[in-house]
2 protein chains.
Amino acid sequence: MISKEQFEKYQQITINYFNKAGIVLTEEEKKRIEVADLGLGQLETTGLQLLTYVNTDRCCAKELVLIPYQTCPEHRHPNIGDRSGKEETFRCRFGKVYLYVEGEPTQNIKAVIPKGKEHAYTVFNEIELNPGEQYTLAPNTLHWFQGGEEGAVISEFSTASTDELDIFTDSEIQRIPVINE
Amino acid sequence: MISKEQFEKYQQITINYFNKAGIVLTEEEKKRIEVADLGLGQLETTGLQLLTYVNTDRCCAKELVLIPYQTCPEHRHPNIGDRSGKEETFRCRFGKVYLYVEGEPTQNIKAVIPKGKEHAYTVFNEIELNPGEQYTLAPNTLHWFQGGEEGAVISEFSTASTDELDIFTDSEIQRIPVINE
């Protein structure tokens, strides 16, 4: 669990990234920014910050922020009942993001895997996204991503989002939203 | 039908709006910007410019641009077979947009209805969206919208988009994509 001070620090960092990306938020939205440490307490290397604009039972849009070298760890969005898993498109708005998906492993990947977690990263097909570039992930495929040296702001367009049902390769991860209280 | 010159002029205007909104596009995307005059040949007052980022059979994201006082005329997204009509969220990124939906009519609306087309506008519940503000439209509900005095840049997050099946109140409208050839 992260402290209130750390939560507020990361919320402010996130607001600064949105400013740099030219993304305007309402005051209400700024307070709703989620800081997801995924239960690991290692935000400097693992986790992400996000704001959900809309999430109905049909579609969803979010903005994601990664600080430099921060990693959203490997996971997939499983099918739920007879419904296909979440389909998502990542569009880089600011900075750079290294995205890894299933497929031919890239030699000498540019991202740095968080120390001691090498076992929890299994897909290494590298896709580099710069501002204006995007990639659409098929449902239920393993992926992870890391911000570049300036961090990254990423728009995510997807089907309905049910973060708590995501399956992470690292069994120590708990995908519980962190709320500022 | 609009001329090649007019098409290119509106594409360039649209690129300028994206620049003002801090939205970065690839060169390929700039060439894909759609100029939709809806078959009326009156782009100064009626139509819109748009770029589709992604449109699968499950979800869609676009950026829309309206020049000052340009109107996307009244329409709805019907149910198709047993599938609900398109659900869409409009998020204002730059400028101002006046959105009109079904419900209690607003007295003295701020938008100016295109001359001679008064019969094609029937819903007047006014929603003003400034940068950072958004509104989610239920499927199959009538709506229209107009850019304010500086125009508007609007992100649209939605279920699958099938523009050619939209039902416009104005029977003279033809929703055919205009391609630069």
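The two copies meet through the same surface, because 100% of the interface residues of chain A are also interface residues in chain B, where contact means heavy atoms within 4.5 Å. This is a predicted model, in which local features need pLDDT of at least 70 and side-chain atom pairs count only at pLDDT 80 or more, while totals for chains, interfaces and linings use all residues. Residues are numbered from 1 along each chain as its sequence is written, chains are lettered from A in the order in which they are written, and side-chain values use heavy atoms, with hydrogens and water left out.

The contact draws 30 residues from chain A and 30 residues from chain B. Between the chains, an area of about 2200 Å² is buried, of which carbon and sulfur atoms give 50%; buried area is the accessible area (1.4 Å probe) that two parts lose on being put together, summed over both. Of the area that chain A buries against chain B, 26% comes from A:Arg58, A:Arg93 and A:Phe157, more than from any other three residues.

Chain A can be laid on chain B with an RMSD of 0.0 Å by a turn of 180° and a shift of 0.0 Å along the axis, the superposition being by least squares on the C-alpha atoms of residues with pLDDT of at least 70 in both copies. The two copies are therefore related as by a two-fold rotation axis. Of the residues of chain A, A:Gly22 comes closest to this axis, at 2.6 Å (C-alpha).

Side chains of opposite charge can pair when their charged atoms come close. Four salt bridges are found across the interface of chain A and chain B, a salt bridge being a side-chain nitrogen of Lys or Arg within 4 Å of a carboxyl oxygen of Asp or Glu. A:Glu29 and B:Arg91 meet in a salt bridge through their side chains, at 2.6 Å from N to O.

Within chain A, the side chains of A:Lys96 and A:Glu128 also form a salt bridge (2.7 Å, N to O). This pair links distant parts of the chain, with A:Lys96 in strand E5 and A:Glu128 in strand E6 (residues 125-129), 32 residues apart; strands are DSSP runs of E of at least two residues, numbered from the N terminus. A:Lys96 counts as partly exposed at 25% relative accessibility, and A:Glu128 is partly exposed at 30%, on a scale where buried means under 20% relative accessible area, exposed over 50%, and partly exposed in between (1.4 Å probe, protein chains only).

Key. Helices (H or I, at least four residues) and strands (E, at least two) are DSSP runs, numbered from the N terminus.
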